[in-house]
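The sequence and the structure are shown first.

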Amino acid sequence: MTEGNLSALAPLIFFMAFMVVISIYVRNKQAGKNFVSNYFIGNRQLGGFVLAMTTVATYSSVSSFVGGPGMAFQVGFGWVYMAVVQVTAIFLVLGIFGKRVALLARKLNAVTVVDIIRARFQSDFLAAVAAFVIVLFFGGTMTAQFVGGAKLFAAVTGYSYEAGLILFGLVVVIYTSIGGFRAVALTDTLCALIMMIGIVLLLHYVLKAGGGYDNIMATIEINHPELFEPFSFGNMPWTIYFTQWLLVGICTIALPQSVVRGISYKNTHGLHQAMLIGTVVVGFMNIGINFTGILAHGVLTGNAADYGGVDNIIPTTIVKAMPPELVGLAIIGPLAASISTISGLLIVASSAIIKDVYLHYAEKNSLSVTPSRVKILSMTTTAVIGAIVFVIALTPPSLIWLINMFAFGGLETAFFWTLLLGLFWKGANKSGAMLSMIGGTIIYCATQAAGFKIFNLHQITIGITCSLILFLIGSYFGKKSDEATLKIFFP
Amino acid sequence: MKKNSRASMSDAQKFSLVRREAIYTGLALCGLIIFWLVAGFGTASLDVKIFHLPLWAVLGTVGVWLVAIFISAILSKILFKDIDLGGDEND
């Protein structure tokens, strides 16, 4: 380990240790209960506050805390205006899918989103494809989180990238493997609170270091007039606004990691609370951290390129603006965003393999699986997925932001119409869902690989449009869903 | 809605209610998109500043956030109803 700032490391070590303690506590408390239901959805016991916080924390990634505010530094208030569309994310997913998914999950005894897709379209193959898509794209997102978090750690503490990866990367894999969904939800809640504290702390010291709000704003007005213009003198074209509404706004309702929260809450009173709390929190975080990114001009006098690019703006600001003894506290916020996303994805990816593939196969073939075997396999699978992503992150791919957005778009293309039309339209059928999920995802990946764009819009627009067209074609020509299934989904 | 009447709702009534609530949410989204457009791009040409910030930047960010909170409150406190989800809520 290289020589670094030990005072910056101590709060992080304490924080990560606390996460492990929570997961051990949760595991002990859940002993003797239905393992699968407990491990993958917390036995449907989440209250409103925890539901809101875990949904927000899983949704808010390290990109929101590092790349995003770095872009705000470069582009200005147009970036904040674009990022604020994320205030729709929580009330949309919980308002549209929250109760329907909860009702269906209880009826079908479903534990995962794939369980519901399998029951709706009566297709094991489609369920297997859905599980594969989840694991594939989640792998990409998790890698981006590991890399982003470790780079931030290295830049701020002075320790190596690998040391950061080991410290927070391994710990998140361990506590998720031990505690399952309930531990993820509780640690997410803590992470979300820490993120908010981190934003307030950083904002305070940025204002202080920049000579106060009036002084910073006066400097920006003189030196960077483009930051006050919605199109930022051409740096923020309308295409970015449009695609961000799809990518991080409307289409996020179909992200499996968000929809699964609909299976996990206790009652509708909690759901209603979560819609409100979640909207307050996600707005506070988005506006707070991106506005701080702009105010960083009071601390950093050069352009983003002078500091090694937009990803280095927040780490450099933390180092320059904050007292050394508080640097450790400040980076817990962005790292919390990273680990809460990893843990949320990890548990869903693990459920896709164990519950959606293995247990279903065993049940179908009348194979007996003992509870202890399920327990060991679930924990091992979670640990193995985490370890694979950890190893990939050891040789970090470049363009983290793009990997993250690629994975987001892929998941949305695959699941948006399958879930929305599948759960709200009787005419949706297996052929439509199959064509939409497989065809849409392939087209999306192909256009990404070829760099093909229409009107310079992100490929999500092509993916989501093709996915819809294929769904409608398949549903029109395919065999209708049987009456028994429709009776369950549309009583 | 009283707990007894909630418990006595049929599946069809619950799903119908949930469908209606999803439509309210979709309409709320449309309303918010319109507000976002008007508050940001719609006021970008005005030379008005609040706390050193152009009006569009205030309305298009904090304004949109406050409207989203208001919408969430209307949805969750007024338009959405408590229902019994089935199963044991206390298991």
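## Conventions

A crossing is left-handed if the near helix is turned anticlockwise from the far one by less than a right angle, and right-handed if clockwise. The model is predicted: local features need pLDDT of at least 70 and side-chain atom pairs count only at pLDDT 80 or more, whereas totals for chains, interfaces and linings use all residues. Residues are numbered from 1 along each chain as its sequence is written, and chains are lettered from A and ligands numbered from 1 in the order in which they are written.

## A helix pair in chain A

The crossing of α10(A) and α18(A) is right-handed. Helix α10 of chain A covers residues 161–209 and helix α18 of chain A residues 371–394; they pack at an angle of about 165°, with axes 9 Å apart. α10(A) and α18(A) are therefore roughly antiparallel (an angle over 145 degrees).

Among the residues making this contact are L165(A) and V173(A) of α10(A), and G386(A) and F390(A) of α18(A). Contact requires C-beta atoms, placed from the backbone, within 7 Å.

## Overall form of chain A

Chain A holds 22 helices and zero strands, where helices are DSSP runs of H or I with at least four residues and strands are runs of E with at least two. Its C-alpha trace spans about 70 × 50 × 45 Å along the principal axes.

## The contact between the chains

Chain B contributes 39 residues to the contact and chain A 36 residues. On the side of chain B that touches chain A, α3(B) gives the largest share, 14 residues.

Note on methods:
Two residues are in contact if their C-beta atoms, placed from the backbone, lie within 7 Å. Axes are lines fitted to C-alpha atoms, for helices over the stretch in contact, and angles run from 0 to 180 degrees between N-to-C directions. Angles under 35 degrees count as roughly parallel, over 145 as roughly antiparallel, 65 to 115 as roughly perpendicular and the rest as oblique.
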